[in-house]
Amino acid sequence: MDSAPINLTHHFLIAMPGLMDESFARSVVYMCEHSERGALGLIINKPSDLTLSGLFEKVDLPLRREDLTQAPVFQGGPVHTERGFVLHEPLTLESENANESVYASTMTIPGGLEMTTSKDVLEALSTGAGPKRVLITLGYAAWAQGQLESELAENSWLTVEADDHVIFDTPIEHRYDSALALLGLQAWMLSPQAGHA
């Protein structure tokens, strides 16, 4: 009997304490895409040493958003760590196609957010415009076909529907616990030994 495929788009993956992989220990991953072909997400609670003002310097853009200058750039995952990924609230053009994003390369995530990889979003932020709430990562997390499902079967991850407040409003050091709290859990309740009871 084949069970229906799960779709974790717009969910958090919360690392179980037994997950020791350096990239993912105690991580909360926001899932941008999940299909039978695989999955893609951004880690939202692992800041790098780089601030947004530092990132903008590297791409030769000013940053005229006082609210963002000291915000960290996040380590979004181990894949394409030289590329930027901007998770933001949706900005849509007033056009005939009401769902058209303002930016060139934007993935609209069912559930409410957008993820943009084109430089035009950075250019908008550099002028003081752009999306109000953003989280910028270098790199992303990816799973090949069936890989995430097998990690879930091994109890490596907990899953819960994503909450934008955890991404944009919760202090970084509280995001792991806040994501667990969406499930009514606290970290001490989870045994570091992954496995089946």
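Predicted model: local features only at pLDDT ≥ 70, side-chain atom pairs only at ≥ 80, totals over all residues.
Biologist: Got it. Which residue meets Glu-89 in a salt bridge?

Modeller: Arg-133 does, with N to O at 3.4 Å. A salt bridge here is a side-chain nitrogen of Lys or Arg within 4 Å of a carboxyl oxygen of Asp or Glu.

Biologist: Where do Arg-133 and Glu-89 lie?

Modeller: Both are in loops. Arg-133 sits between α2 (120-126) and β9, and Glu-89 between β6 and β7 (106-108), so the pair ties together parts 44 residues apart in sequence. Helices (H or I, at least four residues) and strands (E, at least two) are DSSP runs, numbered from the N terminus.

Biologist: What else forms a salt bridge with Arg-133?

Modeller: Asp-169, whose closest O atom is 3.0 Å from the N atom of Arg-133. Asp-169 is in the loop between α4 and α5, 36 residues away from Arg-133. With a relative accessible area of 42%, Asp-169 is partly exposed. Shared partners join Glu-89, Arg-133 and Asp-169 into one network of salt bridges.

Biologist: How many salt bridges are there in the whole structure?

Modeller: Four. One of them pairs the side chains of Asp-67 and Arg-65, N to O 3.0 Å. Arg-65 has 8% relative accessibility, so it counts as buried.

Biologist: New topic. How many helices and strands are in the protein chain?

Modeller: Five helices and 10 strands. The radius of gyration is 17 Å, close to the 16 Å that the globule rule gives for 197 residues, so the chain is as compact as a globular protein of that length. That radius is taken over C-alpha atoms, and the rule is 2.2 Å times the number of residues to the power 0.38. The C-alpha trace spans about 55 × 40 × 30 Å along its principal axes.

Biologist: What share of the 197 residues is buried?

Modeller: 43%.

Biologist: Which residues of the largest nonpolar core touch the most other members?

Modeller: Phe-12, Ile-14, Tyr-30, Ile-44, Leu-87, Met-115 and Ile-167, out of 27 residues. Several elements give two or more residues to this core, among them β1 (11-15), β2, β3 (38-43) and β6 (79-88). A second, separate core has 15 residues, including Val-73 and Val-86. A nonpolar core is a set of buried Ala, Val, Leu, Ile, Met, Phe, Trp, Tyr and Cys residues joined through side-chain atoms within 4.5 Å.

Biologist: What does Ile-167 touch?

Modeller: Leaving out residues up to four places away in sequence, Ile-167 touches Phe-12, Tyr-30, Ile-44, Leu-87, Leu-113, Leu-135 and Arg-175. Contact means heavy atoms within 4.5 Å.

Biologist: Now Val-29. In which strand is Val-29 found?

Modeller: Val-29 is in β2, residues 28-35. Its relative accessible area is 0%, so Val-29 is buried. Beyond its neighbours within four places in sequence, its contacts include His-11, Phe-24, Trp-143 and Trp-157.

Biologist: Last one. How many aromatic pairs does the structure hold?

Modeller: Five. Rings of Phe, Tyr and Trp (its six-membered ring) pair if their centres lie within 6.5 Å; planes under 30 degrees apart count as stacked, over 60 as edge-to-face and the rest as tilted. Phe-85 and Tyr-140 have ring centres 5.1 Å apart and planes at 70°, so this pair is edge-to-face. Phe-85 is in strand β6 and Tyr-140 in strand β9, 55 residues apart. Both are buried.

Biologist: And what are the distance and angle for the rings of Trp-143 and Trp-157?

Modeller: Their centres are 6.1 Å apart and their planes at 80°, so that pair is edge-to-face too. Trp-143 and Trp-157 are each buried. Ring pairs also link Phe-24 with Trp-143 and Trp-157 in a cluster.

Notes. Residues numbered from 1 in each chain as written. Heavy atoms only, no water. Buried < 20%, exposed > 50% of the residue type's maximum accessible area, 1.4 Å probe, protein only.
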